[in-house]
Amino acid sequence: MKIVVAITGASGAILGVRLLTALNELENVETHLVISDWGKKTIEIETDLALEDVVKKSHYYHDNKNLGASIASGSFKTDCMVIIPCSMKTLSGISHGYSNCLITRAADVILKERRKLIIVPRETPLNTIHLENLLKLSKMGVEIAPFLPAFYNSPKSLDDVLDHFIGRVLDQLGIENKLVKRWGENQNN
Ligand SMILES: Cc1cc2nc3c(=O)[nH]c(=O)nc-3n(C[C@H](O)[C@H](O)[C@H](O)COP(=O)(O)O)c2cc1C
C-alpha cells in the first residue's frame with residue numbers, strides 16, 4: 001500500500017507525526033511524506049522533534065516545491081493520501097484546484113484518479129469559506145476527519161486521545177490496528 005502523508009502549517013503537527021509513526025511500524029506500507037514550510041515551522045514550535053526525526057519515519061520524503069516528484073503524477077500509483085493536519089489555506093487550494101505546490105498537486109491527482117483522500121482540518125471556529133470548502137470536497141467523496149477527542153473510551157491522557165484518533169484514521173485507511181478502544185468491546189457495553 002502506498003500512502004501519501006502531508007503535514008501542513010495548521011496547529012497539531014503531532015497528529016502527522018503520530019500517523020507516520022504508526023504507518024512506519026507496518027510491513028506492507030510505503031509512505032511518501034511532504035511537509036509545507038509552515039508545517040516545518042509548526043513541527044519546530046509544537047514538538048521536540050527536528051525535521052530529520054520526522055522525515056526518518058517515512059520511506060520517501062518529497063520537497064513541497066518539487067512539482068516533478070513521483071506523487072505529482074497520476075501515472076505513479078498510490079492508494080491514498082492523508083493531509084494531517086490540514087490548514088485552511090491548503091484546504092482552499094485543493095477545493096479550488098489551485099495546485100501551486102506538491103501537496104495541493106498530489107491531492108489534485110488523488111481526486112482526478114478517484115483515489116482516497118482524507119483531510120484532517122484544523123481550525124476553530126470555522127467560517128463559511130472553510131465550511132463551504134469542506135462541503136465541496138466531502139461531496140466529491142473526500143473523508144473529512146476533524147481531530148475531535150472521543151470521550152466514550154474514558155481517555156486518561158493526551159496520549160490516549162491521540163492514539164484513539166490515529167486509530168480511527170487507520171480505520172478509514174482500512175488498516176487493522178489496536179489503537180482504538182472500541183465501543184462494544186468491553187464488558188460494560
Ligand atoms: C503555530 C501556528 C499555528 C497555526 N495554526 C493554524 C491552524 O490551526 N489552522 C490554519 O488553518 N492555519 C494555522 N496557521 C496558519 C497557517 O500556517 C498559514 O495559513 C499558512 O499559510 C498555511 O500554509 P500551508 O497550508 O502551506 O502549510 C498556524 C500558523 C502557526 C505559525
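The accessible surface of the protein amounts to about 10100 Å², and carbon and sulfur atoms contribute 50% of this area; areas were computed by the Shrake-Rupley method with a 1.4 Å probe, and for residues only the protein chains shown count as cover. The structure is a predicted model, in which local features need pLDDT of at least 70, side-chain atom pairs count only at pLDDT 80 or more, and totals for chains, interfaces and linings use all residues. Residues are numbered from 1 along each chain as its sequence is written, and side-chain values use heavy atoms, with hydrogens and water left out.

Of the 189 residues in the protein, 46% are buried (buried means under 20% relative accessible area, exposed over 50%, partly exposed in between; 1.4 Å probe, protein chains only). The radius of gyration is 16 Å, which agrees with the value near 16 Å for a compact globule of 189 residues; this radius is taken over C-alpha atoms, and the globule rule is 2.2 Å times the number of residues to the power 0.38. The C-alpha trace spans about 50 × 40 × 35 Å along the principal axes. Among contacts (heavy atoms within 4.5 Å) with a separation of 6 or more, 75% are between residues 24 or more positions apart.

The protein carries 22 positive and 22 negative side chains, and the centres of the two sets are 5 Å apart. In this count Lys and Arg are positive and Asp and Glu negative, without His and the chain ends; each charge is placed at NZ of Lys, CZ of Arg, CG of Asp or CD of Glu.

There are 7 helices and 6 strands, where helices (H or I, at least four residues) and strands (E, at least two) are DSSP runs numbered from the N terminus. Their order along the sequence is β-α-β-α-α-β-β-α-α-β-α-β-α.

Helix α2 (residues 37-46) has Gly39, Thr42 and Ile43 among its residues, and these three are buried. The buried residues of α2 line one face of the helix, because they fall within an arc of 105° when seen down its axis; the arc is that of the directions from the helix axis to the C-beta atoms. An α-helix has 3.6 residues a turn, so residues three or four places apart point the same way. The buried residues of α2 pack against β1 (2-7), α1 (13-24), β2 (30-35) and α3 (51-55). Trp38, Glu44 and Ile45, on the other side of α2, are exposed.

Asp79 lies in the loop between β3 (60-62) and β4 (80-86) and is partly exposed, at 40% relative accessibility. Apart from neighbours within four places in sequence, Asp79 contacts Met1, Lys2, Arg115 and Lys116. Asp79 and Arg115 are 36 residues apart along the chain, with their C-alpha atoms separated by 6.3 Å.

Most residues other than glycine have a negative phi, and most peptide bonds are trans. The Ile84 to Pro85 bond is cis, with omega near -5°, and Pro85 belongs to strand β4. Thr124 and Pro125 are also joined by a cis peptide bond, with omega about -10°; Pro125 is in the loop between β5 (116-121) and α6 (128-139).

Arg114, in the loop between α5 (102-112) and β5, has a positive phi near 60° and is exposed, with a relative accessible area of 76%. Ser154 has a positive phi of about 50°. Ser154 is located in the loop between β6 (143-144) and α7 (158-173) and is partly exposed, with a relative accessible area of 39%.
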